[in-house]
Amino acid sequence: MLDYEKEQKKIENEVWSSINVKNLRVIDFGIGEDAVSTKKLIELGAKVIAIDNDMDKLKKCRYMNIQLIKCDISHLPFNKKISDLALFYFALHEIDPKLHEKIISSARTISSKIMIVEPSPEGCRAYKLYEKIWHDAMQSINRSEIYRSLSYWEALIRRCGFKVTVSKKISQNAEIPPALLETMVHDTIKNWKKLSVGNEYIDKMKDFLKYAQKNGMKWSDLILVIGEIV
């Protein structure tokens with residue numbers, strides 16, 4: 001069995017070796033709970049502007065000594081180029097697909113390059129089950145959780161005026177350790193309760209954990225697309 005942590009590190013290296021962000025001014029759209037991409041950008045020497053519509057998430061990043069902006073990424077408060085790279089790291093699947101073109105077109109007005117990292121909709125049986133439960137749970141509270149194919153993201157950024165310069169899937173071959181699965185599901189349920197997700201979906205997630213621990217689960221491939229204005 002592949003070592004999960006080593007495999008994750010290898011995947012991380014492949015993602016970030018696809019573009020040199022040192023000394024680039026990068027807007028990180030939707031920093032998320034753990035600010036994974038924000039921390040990595042800083043580590044790699046980028047000049048980061050972090051954007052999120054959740055003030056609590058931004059407050060967690062105050063120690064990073066970077067520019068933090070609270071706004072909805074579908075209504076950006078900029079009207080000229082202020083960055084070298086617009087990064088959407090595991091952000092766009094949480095946004096209504098009807099808004100994708102508007103968001104990427106807006107990103108084009110403020111940045112000369114774009115980088116999208118997203119989960120693939122394809123994967124093993126356990127992953128597909130996990131994906132469906134997440135999708136249905138978020139739909140129940142009028143949120144989005146929709147994964148798209150590589151060709152979707154390529155076509156999207158082309159329509160918005162970017163030339164695709166990097167386009168690939170990065171395979172994830174290591175099974176998620178059972179203890180990590182348990183922690184992941186526990187944290188998910190805790191967050192869903194805060195969001196008022198119904199018990200129906202929480203029970204499905206608990207059943208999923210039993211299934212995944214018995215049968216094993218791998219994450220889907222990562223999708224990576226980079227584009228630039230030429």
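Two strands count as paired if DSSP finds at least two bridges between them. Strands (E, at least two residues) and helices (H or I, at least four) are DSSP runs, numbered from the N terminus. This is a predicted model, so local features need pLDDT of at least 70 and side-chain atom pairs count only at pLDDT 80 or more, while totals for chains, interfaces and linings use all residues. Residues are numbered from 1 along each chain as its sequence is written, and side-chain values use heavy atoms, with hydrogens and water left out.

The sheet, then. It is open and has 7 strands, in the order β3-β2-β1-β4-β5-β7-β6, with mixed pairing. At the edges are β3 (67–70) and β6 (163–170), each pairing on one side only. From one strand to the next, the twist averages 15 degrees. Axes here are lines fitted to C-alpha atoms, for helices over the stretch in contact, and angles run from 0 to 180 degrees between N-to-C directions.

β6 pairs with β7 (residues 222–228) in the antiparallel sense, over 7 bridges. In that pairing, S167 stands opposite V225 of β7. Helix α1 (residues 4–16) lies across β4 (83–89), β5 (111–119), β6 and β7, at about 170 degrees to β6. Contact means heavy atoms within 4.5 Å.

Next, helix α8, residues 199–215. Which of its residues are buried? Y201, I202, M205, F208, L209 and A212 are. They cover an arc of only 110 degrees around the axis, so they sit on the same side of α8; the arc is taken from the directions from the helix axis to the C-beta atoms. On the other side, N199, K210 and K214 are exposed. For the cut-offs, buried is under 20% relative accessible area, exposed is over 50%, and partly exposed is in between, with a 1.4 Å probe and protein chains only.

The buried residues of α8 pack against α5 and α7 (178–194). In α5 (residues 125–140) we find E131, which is buried at a relative accessible area of 13%. Leaving out residues up to four places away in sequence, E131 touches P121 and Y147. After α8 comes G216, with a positive phi near 85 degrees.

Last, how many disulfides are there? With a disulfide taken as a pair of cysteine sulfur atoms within 2.5 Å, the count is 0. C61 has its closest cysteine sulfur in C71, 14 Å away, which is too far for a bond. C61 is buried, at 2% relative accessibility.

Definitions and conventions: Expected span 1.5 Å × (residues − 1).
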